[in-house]
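Visitor: I am new to this structure and should like to understand the terms used to describe it. May I put my questions as we look at it together?

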Amino acid sequence: MPARAEVAYFGAGPAGIPTPVLERGAAAFVNFEDSGLGLAEISHRSSTATKILDETKKGLISLLDIPDNYDILFLHGGGSGEFSAVVFNMVAVWVEKRRRKAQEQFGDDDEAILLRVREELKYYLRLDYLITGSWSLKASQEAAQLLDPLGQNFVNVALDARETNEGRFGSIPPEDTWKLTPANANSGCGSAFVYYCDNETVDGVEFPSFPQCLEAQAGENDRLVICDMSSNFLSRRVDVKKYAVIFGGAQKNIGITDITLAIVRKDLLGDMPPPSFLHKVGVWSPPTILNWQIVSKNNSLYNTLPIFSVWIAGEVLRALIVLHGDSKVAGQEAVSNAKAETVYRVLDTNPDVYQPVNHRDVRSRMNICFRVKDPKTEKQFLAEAEERLLQGLKGHRSVGGIRASNYNSVSMDNISKLAEYLTEFAQRKRRETLHSSNSTPHDSSQHQEALISL
Ligand SMILES: Cc1ncc(COP(=O)(O)O)c(C=O)c1O
């Protein structure tokens with residue numbers, strides 16, 4: 001039986017948790033701060049719970065420099081729950097803007113207001129999705145399904161990265177090819193929001209930076225950008241004020257599963273039409289548990305919140321703050337980049353054995369996806385990795401291959417172990433190929449290079 005310290009875990013989620021946090025968590029689970037009760041037993045409305053919630057929020061605010069005009073919500077339902085929440089909440093915000101405008105024109109003529117908003121919805125409601133991998137695809141499908149009863153195609157796929165990459169994810173085409181909903185005098189800045197996933201966990205595609213075309217333009221109405229950061233939260237700096245909403249499940253870089261975090265601009269929490277108006281327009285009002293406004297008003301305690309999971313997140317954040325001091329998340333960014341570069345360097349220097357699957361400029365720092373070029377040896381690669389206690393390397397079932405997840409809890413030591421194994425495996429495969437071939441090696445320059453590096 002391996003000891004915890006002997007295992008190097010590269011699973012894509014849930015991710016590993018730093019051992020000291022788990023050890024403190026184990027004690028807190030049984031008896032929190034000598035109170036005689038464990039953290040999963042105390043009331044979520046107790047002063048202890050409120051303190052844990054506040055401190056966890058403060059940690060996040062400090063690490064990411066979250067401005068005052070944003071609220072932090074702790075939610076249920078994972079990243080998938082937020083795929084729906086985004087649609088429910090943002091469509092309601094969109095409707096409310098139009099309702100107020102119509103009210104200015106028609107005063108208390110409720111019928112005229114309703115007709116106007118219904119018309120506007122029919123002609124102008126669009127949700128822009130940038131689809132760069134399996135998770136943004138799922139989010140867009142969820143939106144289409146939720147809006148389907150309205151009977152129109154409200155989801156605008158502004159980008160489907162598969163279209164220019166032989167039918168599979170792995171690149172992000174230039175911004176000037178994206179088909180964002182154009183600005184329109186009536187609809188304001190175009191779509192109700194633009195949605196993207198910063199890091200696609202399954203496919204290993206990460207946006208290199210905030211898309212330039214989504215930067216606020218002078219004279220433009222507010223463009224609302226929604227971003228799923230489930231798998232690269234806290235791995236690099238984020239200019240929060242460029243976003244309307246950032247969300248992510250906790251189970252990768254923040255803590256354990258059970259909680260989902262959303263950073264929501266406060267003005268979006270105030271603008272909700274009465275549910276009866278939404279229903280008359282033909283749109284559902286957000287289910288209570290997904291309603292950001294209600295969750296915010298109740299300090300994320302509308303219903304029972306798993307305080308143990310919030311505490312774990314708080315401890316992970318505290319550990320990052322202690323580790324990186326004033327450099328905050330920029331410190332973690334440097335570490336994440338260095339770890340990812342270590343692995344990619346080995347892959348790139350052994351091109352006869354490994355093939356990173358994605359275009360270089362969008363390779364994920366968090367989920368490093370590659371193939372062992374000879375399909376017969378991929379299984380062997382994984383089996384030998386397991387023997388070496390390098391675990392969780394199997395690619396997602398939908399795409400196969402290898403995926404080394406480089407979340408914040410993966411230490412440089414464990415990355416070095418992986419790099420050593422990758423190098424050793426490549427050298428061995430090359431030697432085997434050389435020995436099994438009695439004839440002169442192929443004259444391809446790649447093969448020549450590989451032989452020279454032996
Ligand atoms: C980027 C991304 N978004 C959303 C999800 C869905 O999260 P959940 O399983 O918490 O619903 C995942 C899950 O791995 C993910 O990686």
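Predicted model: local features only at pLDDT ≥ 70, side-chain atom pairs only at ≥ 80, totals over all residues.

Visitor: Which residues of α5 are called buried?

Guide: A residue is buried under 20% relative accessible area, exposed over 50%, and partly exposed in between (1.4 Å probe, protein chains only). In α5 the buried residues are Ser136, Leu137, Ala139, Ser140, Ala143, Leu146 and Leu147. Their cover includes α3, β3 (127-131), β4, β5 and β6 (199-200), where contact means heavy atoms within 4.5 Å.

Visitor: How do you know that helix α9 (residues 307-324) is largely enclosed?

Guide: Of the 18 residues of α9, 13 are buried, so the rest of the structure largely encloses this helix. Its length can be checked as well: at 1.5 Å a residue α9 should span 26 Å, and its end C-alpha atoms are 26 Å apart, which agrees. Just after α9, glycine 325 takes a positive phi of about 50 degrees.

Visitor: What makes asparagine 299 and serine 300 worth a remark as regards phi?

Guide: Most residues other than glycine have a negative phi, and most peptide bonds are trans. Asparagine 299 has a positive phi near 50 degrees, and serine 300 has a positive phi of about 65 degrees. Asparagine 299 lies in the loop between α8 (292-297) and α9, and serine 300 is found in that loop too. Asparagine 299 has a relative accessible area of 25% and is therefore partly exposed, whereas serine 300, at 4%, is buried.

Visitor: Which peptide bond is called cis?

Guide: The bond from glycine 13 to proline 14 is cis, with omega near 0 degrees. Proline 14 is in the loop between β1 (8-9) and α1 (19-30).

Visitor: Why is proline 173 called buried?

Guide: Its relative accessibility is 9%, so proline 173 counts as buried. Proline 173 sits in the loop between β4 (155-160) and β5 (193-197). Apart from neighbours within four places in sequence, proline 173 is in contact with Leu159, Ala161, Thr164 and Trp178.

Visitor: Why is proline 211 called buried?

Guide: With a relative accessible area of 2%, proline 211 is therefore buried. Proline 211 belongs to the loop between β7 (205-206) and β8. Setting aside neighbours within four places in sequence, its contacts are Glu175, Trp178 and Tyr196. The C-alpha atoms of proline 211 and glutamate 175 are 7.6 Å apart, although 36 residues separate them along the chain.

Visitor: Why does serine 231 count as buried?

Guide: Serine 231 has 1% relative accessibility, so it is buried. Serine 231 is in the loop between β8 (225-228) and β9 (245-249).

Visitor: Which side chains make a polar contact with the side chain of serine 231?

Guide: A polar contact is a pair of N or O atoms within 3.5 Å; within protein, one must be able to donate a hydrogen and the other to accept it, and residues adjacent in sequence count only if both atoms are side-chain atoms. The side chain of serine 231 makes such a contact with that of asparagine 199 at 2.8 Å, and with that of threonine 201 at 2.8 Å.

Visitor: Which residues come nearest to the ligand?

Guide: A residue is near a molecule or strand if one of its heavy atoms lies within 4 Å of it. Of the 13 residues around the ligand, Ser80, Thr201, Asp228, Gln251 and Lys252 come nearest. An N or O atom in the side chain of serine 80 is 2.6 Å from an oxygen atom of the ligand. A polar side-chain atom of lysine 252 is 2.4 Å from a ligand oxygen atom.

Technical notes: Residues numbered from 1 in each chain as written. Heavy atoms only, no water. Helix = DSSP H or I, 4+ residues; strand = E, 2+ residues; numbered from the N terminus. Expected span 1.5 Å × (residues − 1).
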